[in-house]
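I'll walk through the model on the screen, starting with how the chains meet and then moving into the individual folds.

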Amino acid sequence: MKGNLSIRSMKHIVLVVFSLLFLSAHKIDPKDDTKAKIKAVYLYNFSKYIDWPEDYKSGSFVVTVLGANSSLLTELDKMASLKKLGNQEISVKSISSAGALEKSHIIFIPFENSGQLNEVISKIKGNSTLIVTEKQGLTKQGAAINFIVKDNKQAFELNKANAEHYKLKVSSNLVKLATLIE
Amino acid sequence: MYKKIVVFLLLSLFTGVIYAQLDKLRAAYIFTTQQDKLNLDSARILINEASVFPETMNDAQTWYFRGFIYKELFKRKQAASREAKNAEEAFKSCRKSIELDSTADNKANNVQIIKSLSALSNNTFGETLDTINYPKALECLALQKKLVKFLKPAASMDSIEVNYEGIMGSYFQMIYEKNPKKNTKFINLAEEAYNKVLILEPKNISANYNMGIIYYNQAVSLIMNKLDYDFDLATLNDIQDEALSWFKKSLPYMEKAYQLNPRRKETLIGLSGIYYSLHENDKSQQFQKLSQDMDGQIEKKDNQKEIDKGNH
C-alpha cells in the first residue's frame, strides 16, 4: 500500500512539473536585435565595396556611432573582434554629439540623432568619411548612404555623388544593389 | 494471504505431483514472486506456454498472471531500458482476463495491474524525456494514452492528448533553446507536438504562443547565428528573405494567442518583437506600451496590497 502511494505521488509530481513546463511561456530574448545585426553586416560590406584614399589605409578602420545605440554598438564590437579590413583592425567608437567626432572612416547617425547631420557634415570638412543615416530624405541633405525599409526588409539608398564628394570610390557592385538617389 | 498462496504453489511444484500445463501456470506465478531475472524470464516462458494450451488458454487467471509477469518484466529495468512491448503485452493480457471473467474481483485485480502500468509508464515518460532517451518517452506517451483511455473511459482523450503533446512540445523547445546549433532536430519535434495540440484544440493559447515563438526564434537564429559578416550583400538579402518568411509565419500564431488572451504579458512582448523585426515600428511600440502598462498595473496592485497590509 505504501509502495502504491509512493508511485501515485511520483506520478502526480511528474505530471505537475511537466504540465507547468507546457503552460510556462518560452520567451523571446530582447538581447537579440536582428535589425542591429543586419545593419552591422551592411556596414562591414560598405567598407568592402568602398575605396578610401591611401592615407586612410593604415592604422585602425574607425566606425563611429553618434549616440548610444547599444544593440548596434554591441554588434559592431562583436564584428570588430572577429574581422579585419585588409591589415586594418576595426575600431568602434561611440560619441554623444557631433561635436565629438574625430577622424573616422564611417559615421553612422541613428534615426533619433538625424537632426545632427548638418553638424556632422561641418565637422567632417575635407575628411573622407562615409556618412550613413537612417531617415528618409537624408541622402538629399548630404548622407552618402541611408538605410531604408523595403518590403519589410532592410535596404539602402545610395547617393554616389555625396560619397565622391568625400573622395570615396563606390564599387559598381554596391551601386547595383542600392536604390540610387541623385 | 499472498505468502500462503506462494508457499502452497511452491509445495505443489516441488512435490512433483503435477507437471501438466496448469502447473506451468502456477510455476510461472511462483517465479514472479522472486525478484530475480532468471526466474522472471522462466515465468515468461511458462506463462506463454500456458496461454496457448487448450486447458488454460481460456482461463482468466492465465491472462491475469501473464499481465502480472509482463508488467514485472517492464518494471525490472531502469527507465531508459524499459521495453514498452512488455507493457503492451501486460495490458493486452489484463484486458483478455477481464473479457474471460468480468466478475468484480477479477476486474479489480487486473485493473490494479493496469494502474501500476500507467504509473510506471508515466514515470518512465518523465525519466526518459531527455536529448538521448526521448524516443522512449514518445513510446511511453503512446502507451499511456491507451492506458488512460481504458482506466478513465469517460475522460476526454483529446484533453489528455493535448496535455501530453503540449508537455512534449514545450520540453523539446526547451532543449532546442538551450543549444540551437546542437539540438536543431528538437525544434521540429516541438513543432510537430504543438501542431498535434492545435489540431485537437485550435484555441489552445500556449500552443499558439509557443508556435509563434518557435518561428520567431527560427528567424532570429538565422540572423544572429548563421548570418556571417563575410556574406556579401546578395546573400544578406537572401537571408533577410528567409528570415522574413519565418517572422511572417510566427505572426498569425502570436496574434491568435493575443486574441485568446489579450492580457498575457509574454504575448504582448512577443508581438512587439515580431513587429519590430518586420520593421513595423508603430505596431511594435503599441504592443510594447501595452506590456509596460501591464507592468504599471501590477506594480500598483502590489503597492495597494502593501498599504492594505499596513492598515491591518
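Predicted model: local features only at pLDDT ≥ 70, side-chain atom pairs only at ≥ 80, totals over all residues.

Let's start with the interface. On the chain B side, 57 residues are in contact with 41 residues of chain A. The area buried between chain B and chain A comes to about 4400 Å², and carbon and sulfur atoms give 62% of that. Which residues of chain B lose the most area to chain A? Those are B:Tyr229, B:Leu233 and B:His279, and together they make up 21% of what that side buries.

The rule finds three salt bridges across the interface of chain B and chain A. One to click on is B:Asp241 with A:Lys153, where the closest N and O atoms are 2.6 Å apart. Keep A:Lys153 in mind, please, we'll come back to that residue.

The largest share is from α8(B), with ten residues. If you sort that side of chain B by class, you get 27 nonpolar, 20 polar and ten charged residues.

Okay, chain B on its own. What are its elements? There are 13 helices and zero strands. Chain B has 312 residues, and 48% of them count as buried. Looking at contacts in chain B with a separation of 6 or more, 60% are between residues 24 or more positions apart.

Over to chain A, and here we do get a sheet. It's an open one with eight strands and mixed pairing, in the order β3-β4-β2-β5-β6-β7-β8-β10. At the edges are β3 (84-85) and β10 (179-180) of chain A, each pairing on one side only.

Let me take the part of the sheet with β6, β7 and β8 of chain A. Strand β6 (residues 130-133) runs parallel to strand β7 (residues 145-150), and two bridges join them. A:Thr133 stands opposite A:Asn146 there, the latter being in β7(A). Then β7(A) pairs with strand β8 (residues 153-158) in the antiparallel sense, over six bridges. And here's A:Lys153 again: this residue of β8(A) stands opposite A:Lys150. So what sits in the turn? The hairpin of β7(A) and β8(A) has two residues between the strands, and A:Asp151 takes a positive phi near 50 degrees.

Last stop is A:Thr64, which lies in strand β2 (residues 61-66) of chain A. Buried or exposed, that threonine? A:Thr64 counts as buried because its relative accessibility is 2%, and the cut-off for buried is under 20%. Its side chain makes a polar contact of 2.6 Å with the side chain of A:Ser104. The strand itself, β2(A), pairs with strand β4 (residues 88-95) in the parallel sense over six bridges. In β4(A), A:Lys93 is the bridge partner of A:Thr64. Beyond its neighbours within four places in sequence, A:Thr64 is in contact with several residues, including A:Ile95, A:Leu101, A:Ile106, A:Ile107 and A:Phe108.

Technical notes:
Residues numbered from 1 in each chain as written. Chains lettered and ligands numbered in written order. Heavy atoms only, no water. Contact = heavy atoms within 4.5 Å. Buried area = accessible area lost by both parts, 1.4 Å probe. Salt bridge = Lys/Arg side-chain N within 4 Å of Asp/Glu carboxyl O. Helix = DSSP H or I, 4+ residues; strand = E, 2+ residues; numbered from the N terminus. Nonpolar A, V, L, I, M, F, W, Y, C, P; charged D, E, K, R; others polar. Pairing = 2+ DSSP bridges. Buried < 20%, exposed > 50% of the residue type's maximum accessible area, 1.4 Å probe, protein only. Polar contact = N/O pair within 3.5 Å; in protein donor to acceptor, adjacent residues only side chain to side chain.
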